[in-house]
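Trainee: I would like to learn how to read the features of a model such as this one. Please show it first.

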Amino acid sequence: MKQREPPELPRKLETELDRISSLPAHVIDQILSQLSIRDAVRTSVLSRKWRYKWATIPHLVFDSQCISSAQDQTLVKNKLVNIVDHVLLLHNGPIIKFKLSHRDLLGVSDIDRWILYLSRSCIKEFILEIWKGHRYKVPSSLFNCQNLIHLELFNCLLKPPPTFKGFRNLKSLDLQHITLSQYAFENLISSCPLLERLTLMNFDGFTHLKIDAPNLQFFDIGGVFDDVIFENTFHLALVSIGLYVNAKTELPMAPGNSGKLLKFFVHLPHIRRLEVQSYFLKYLAIGNVPSRLPRPCADLNYLSIRINFNDLEECLAALCLLRSSPNLQELEMLARPEETCIGVLTNFWEDDHWNSMFSQLQVVKIVGISGIKCELEFINFVLSNSPSLERMTVKPASADGGWDLLKELLRFRRASVLAEIIFLDP
């Protein structure tokens, strides 16, 4: 009598499991790299061969995906500490990236242990974001991580040890809400010879920004400071600077000293994109403002300026920048609304500026205006001097007088027959 064959379902299931287990190592690594650390650990149930695959992940990210914030803060902290401890204890292999960022994360002492552990590995990317509490004092062991390529710190206090000689391989530095002494800041920047990207936001402990970085290409800063000086930054191409307090223009300049505008551009011969935010234009207007820079910004193709159109010094500085940018293609002008309520400065843009031809300018965006005379004069000035203009977008600060403003805009002559004016609602 013929025996019944066993069902094929278990064999198919076993085949599928074998197929998962026999995936190439690089495919498994790619799969795990797309998962959160929590989901990566869960893959250990797929099969025996997958049980500890997650323990070789080189990129460790501990954030809100690890644990929900909708719990008691103490419970969240304890769970997060246990998760990090568990992963680091079982981890096998190099750790290339370590990121710790959670909305309920405080500067707990456990972070000191983790940084000490990481300093003994070849960590290349370290991100620490402390969202609550006082500044977390970074332990000295972090400054031993000489393989770092990217360093990102949020809400931290930095005191490099006297033996610190810089991060010799660091290419990207992002410091936000940090405290650092003047000497430590200057030493940190100058002792990172490969630094290409630098971000500084909301800092204290230093007010003079001396940027000595021969390989720097990107610089983004926003905060309160007294001065900014570039040295050996001939490769710097993208700059965004916001000064969060009104600059002290009444300070006298020493005889023979050039103004801030001239000094600012001496070491920026190849700048391609410049964003002048908050009150930084007023800073650039301190001292003597030339009609043009001695050396034009030939590579500058994008310029964004936040300006008080009623301020003569700011308008002079803005005009100098425009005249010194012969290849400018895109311009954005942002009016400070609290300073444009009344019209004081008139006829400035109607004077003899007509030799300021913007032959390459194609796109202009003007935001936050209220329709006062000096603003309209500037718009007329740009339209009359931009033969290649394709589009000008105007967005007022409020809807009051919007129809009258639009009628004025349509009345202006245009050097470009292709230029269109787009009026946006506030």
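The dialogue below goes from the overall totals to single residues.

Mentor: This is a predicted model, in which local features need pLDDT of at least 70 and side-chain atom pairs count only at pLDDT 80 or more, while totals for chains, interfaces and linings use all residues. Residues are numbered from 1 along each chain as its sequence is written, and side-chain values use heavy atoms, with hydrogens and water left out.

Trainee: How many helices and strands does the secondary structure of the protein come to?

Mentor: Helices (H or I, at least four residues) and strands (E, at least two) are DSSP runs, numbered from the N terminus. Here the protein has 11 helices and 17 strands.

Trainee: What percentage of the residues count as buried?

Mentor: Buried means under 20% relative accessible area, exposed over 50%, and partly exposed in between, with a 1.4 Å probe and protein chains only. Of the 426 residues in the protein, 46% are buried. Accessible areas come from the Shrake-Rupley method with a 1.4 Å probe, and for residues only the protein chains shown count as cover. The protein's accessible surface is about 21600 Å², and carbon and sulfur atoms supply 52% of that.

Trainee: What share of the contacts joins residues 24 or more positions apart?

Mentor: Contact means heavy atoms within 4.5 Å. Among the contacts with a separation of 6 or more, 66% are between residues 24 or more positions apart.

Trainee: Which residues of H4 are buried?

Mentor: Start with the length of the helix. The expected span of a helix is 1.5 Å times one less than its number of residues. Helix H4 (residues 73-90) has 18 residues and should span 26 Å, which agrees with the 26 Å between its end C-alpha atoms. The buried residues of H4 are Val76, Leu80, Val81, Val84, Val87 and Leu88. They lie on the same side of H4, because their arc around the axis is only 135 degrees. The arc is that of the directions from the helix axis to the C-beta atoms. On the face turned away from the buried side, H4 carries the exposed residues Asn82 and Leu89.

Trainee: With which residues is Ser101 in contact, leaving aside its neighbours within four places in sequence?

Mentor: Ser101 belongs to strand S2 (residues 97-102) and is buried at 9% relative accessibility. With those neighbours left aside, Ser101 is in contact with Phe62, Asp63, Ser64, Glu129 and Trp131. Ser64 is 37 residues from Ser101 in sequence, yet their C-alpha atoms are 7.4 Å apart. A polar contact is a pair of N or O atoms within 3.5 Å; within protein, one must be able to donate a hydrogen and the other to accept it, and residues adjacent in sequence count only if both atoms are side-chain atoms. The Ser101 side chain makes such a contact with the side chain of Glu129 at 2.4 Å and another with the side chain of Trp131 at 3.0 Å.

Trainee: Is Lys260 buried or exposed?

Mentor: Lys260, in helix H7 (residues 260-265), is buried, with a relative accessible area of 16%. Not counting residues up to four places away in sequence, Lys260 touches Asp227, Tyr283, Leu284 and Ile286.

Trainee: Where is Asn155 found?

Mentor: Most residues other than glycine have a negative phi. Asn155 is not a glycine but has a positive phi of about 60 degrees. Asn155 is found in strand S5 (residues 150-157) and is buried at 7%.
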